[in-house]
Amino acid sequence: MQVRTVATTPFTDQKPGTSGLRKRVPAFKQPHYLENFVQSIFDTIKAPAGATLVLGGDGRYYNREAIQVILKMAAANGFGRVLVGKGGILSTPAASCVIRKYQTHGGIILSASHNPGGPDGDFGIKYNGGNGGPATEGVTEAIFARSKALAEYRTLDVADVALDELGETALGQMTVQVIDPVADYAELMESLFDFDAIRSLLSGGFRIKFDAMHAVTGPYAREILVNRLGAPADSVMNAVPLPDFGNGHPDPNLTYAHELVEIVYGKDAPDFGAASDGDGDRNMILGRGFFVNPSDSLALIAANAKLAPGYRQGLAGIARSMPTSEAADRVAEALGIPCYETPTGWKFFGNLMDAGKVTLCGEESFGTGSDHVREKDGLWAVLFWLNILAARRQSVEAIVREHWAKYGRNFYSRHDYEGIPTDAANGVMKLLKDSFASLTGAQFGHLQVKLCDDFGYTDPVDGSVSTGQGVRILFVDGSRIVFRLSGTGTEGATLRIYLESYEPDVGKHHLDAQEALATLIGIALQVSELKQRIGRDKPTVIT
Ligand code: VG1
Ligand code: CO
């Protein structure tokens with residue numbers, strides 16, 4: 001079979017964001033667009049001839065077409081084998097699991113995560129290295145640099161490969177191996193958690209509802225929660241992955257997972273609710289009529305980790321992204337283990353886990369995970385909670401309130417302003433940076449500003465430096481406001497405002513987070529001149 005070398009011209013906009021390259025489907029459908037980026041990956045990673053690659057995606061619109069393009073290019077670029085999930089499907093954590101288990105030369109994951117799908121929706125692609133984790137900034141920068149100089153790509157002129165039956169097909173010199181996307185992942189979960197205890201919880205009348213949001217986790221949740229743990233079949237809703245996610249927005253938060261929220265806050269509600277996102281790496285945890293803030297969830301999992309067999313030996317350390325609340329720091333302190341603060345994005349956790357410095361990682365954006373893979377992992381978090389609930393036999397709410405009583409409560413919220421003009425968003429960030437000097441020491445009611453900066457991070461393992469990771473306004477009493485521009489959107493800009501204050505007084509823990517954070521919210525709006533500059537009264541999403 002003849003390798004065909006195709007002449008191409010570079011695109012200038014193939015810079016990966018927080019988690020890979022994300023664009024609208026029509027952008028990816030431009031002639032050569034996907035091919036250019038894939039060739040840039042292959043040219044950068046320089047896999048040895050005959051290497052194995054993992055390939056799969058969240059099943060969104062254009063997933064199948066892209067998989068065929070990538071398979072042919074992988075064959076033409078000298079790969080020996082590609083492990084591809086059946087139907088082209090692999091959740092992000094499952095892809096990470098497979099890369100690690102079969103020690104492949106990394107993998108390519110097709111996903112725009114929580115962004116909507118469909119012909120006019122979003123598509124995305126990223127490369128994960130041999131450790132199973134997202135390529136580090138050094139690698140993504142090199143891929144971007146290559147994409148700007150690319151003159152040709154290589155492919156094979158062959159028919160498409162059948163992806164709907166398990167088994168092997170030859171593609172030129174390469175073997176395409178279609179694997180069960182769920183089996184390896186389910187086995188890993190069973191090795192970490194006490195499935196017997198969870199089974200007995202579920203058979204004792206404890207009711208759960210998991211919303212797969214028409215996205216990738218449906219088959220995983222059915223296999224694990226229903227087939228292996230014995231939950232009734234209707235415990236998993238929206239379980240069939242659809243290319244357009246049923247026209248929904250597969251983002252597990254109180255706004256977009258409203259179908260689940262109505263059930264869990266409604267009459268005859270289940271004891272536990274959870275949802276996951278488009279590619280299965282995010283999670284939202286709910287108790288009956290009760291929302292668990294993702295930052296609290298990380299802290300709670302850390303505090304209760306020893307209840308799960310896979311973590312009985314204790315934790316090496318915890319890492320959280322900078323905007324994530326400091327609730328986990330308090331647990332780390334009590335456990336006498338380190339807590340690292342990294343920039344936003346899972347790629348910053350990989351080195352810490354590889355070096356054995358941390359076991360658990362988390363982000364405020366509904367992302368929790370551990371060193372079992374190198375991605376955040378939605379179902380893993382759900383199973384961790386079920387394991388804790390099976391061991392403690394209390395309600396979700398009671399467990400969270402006990403945690404607050406012991407450690408204090410970190411009131412926390414994120415306000416997102418989505419789809420605002422890029423110039424206005426940049427203007428807000430510039431204004432804030434220009435105000436550091438005047439803000440430092442400034443008094444707002446009972447709150448005084450201690451320090452303002454633009455967060456920078458030096459990786460403790462490889463010494464690499466990442467700057468410009470978010471504007472922080474830190475107050476003397478420990479309260480914080482953080483401003484960041486999203487790196488995952490495809491339309492205009494999204495400004496995120498993260499708000500946090502610590503409350504040791506258990507008598508105030510019942511307060512609503514928005515109420516408790518009202519003063520900080522007012523300060524954030526004032527110093528950013530947000531209303532004047534972007535003309536919005538309210539955030540698009542509050543979490
Ligand atoms: C967002 C979240 C970040 C997360 C990233 C990828 O990034 O804030 O915490 O790691 O999405 O998650 P940004 O740059 O838009 O704030 V996923 O589930 O979309 O791969
Ligand atoms: Co995701």
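Which residues of H4 are buried?

Modeller: Before I answer, please keep in mind that this is a predicted model, in which local features need pLDDT of at least 70 and side-chain atom pairs count only at pLDDT 80 or more, while totals for chains, interfaces and linings use all residues. Residues are numbered from 1 along each chain as its sequence is written, chains are lettered from A and ligands numbered from 1 in the order in which they are written, and side-chain values use heavy atoms, with hydrogens and water left out.

The buried residues of H4 are Thr-92, Pro-93, Ala-94, Ala-95, Ser-96, Cys-97, Val-98 and Ile-99, where buried means under 20% relative accessible area, exposed means over 50% and partly exposed lies in between, with a 1.4 Å probe and protein chains only. Helix H4 covers residues 92-101, and because eight of its 10 residues are buried, the helix is largely enclosed by the rest of the structure. Helices (H or I, at least four residues) and strands (E, at least two) are DSSP runs numbered from the N terminus.

The two ends of H4 deserve a look as well. At its start, a side-chain oxygen of Ser-91 comes to within 3.1 Å of the backbone nitrogen of Ala-94, and Ala-94 is itself among the buried residues of the helix. Just after H4, Gln-103 has a positive phi of about 45°.

Of its 543 residues, 60% count as buried. A buried residue can also be found in a strand: Ser-276 belongs to strand S12, which runs over residues 272-276, and Ser-276 counts as buried because its relative accessibility is 0%. Between the C-alpha atoms of Ser-276 and Ala-159 there are 35 Å in space, and the two residues are 117 residues apart in sequence.

Finally, a word on ligand 1. One of its oxygen atoms is 3.1 Å from an N or O atom in the side chain of Asp-277. A polar side-chain atom of Arg-282 lies 2.8 Å from an oxygen atom of the ligand, and for Glu-363 the corresponding distance is 2.7 Å.

Conventions:
A polar contact is a pair of N or O atoms within 3.5 Å; within protein, one must be able to donate a hydrogen and the other to accept it, and residues adjacent in sequence count only if both atoms are side-chain atoms.
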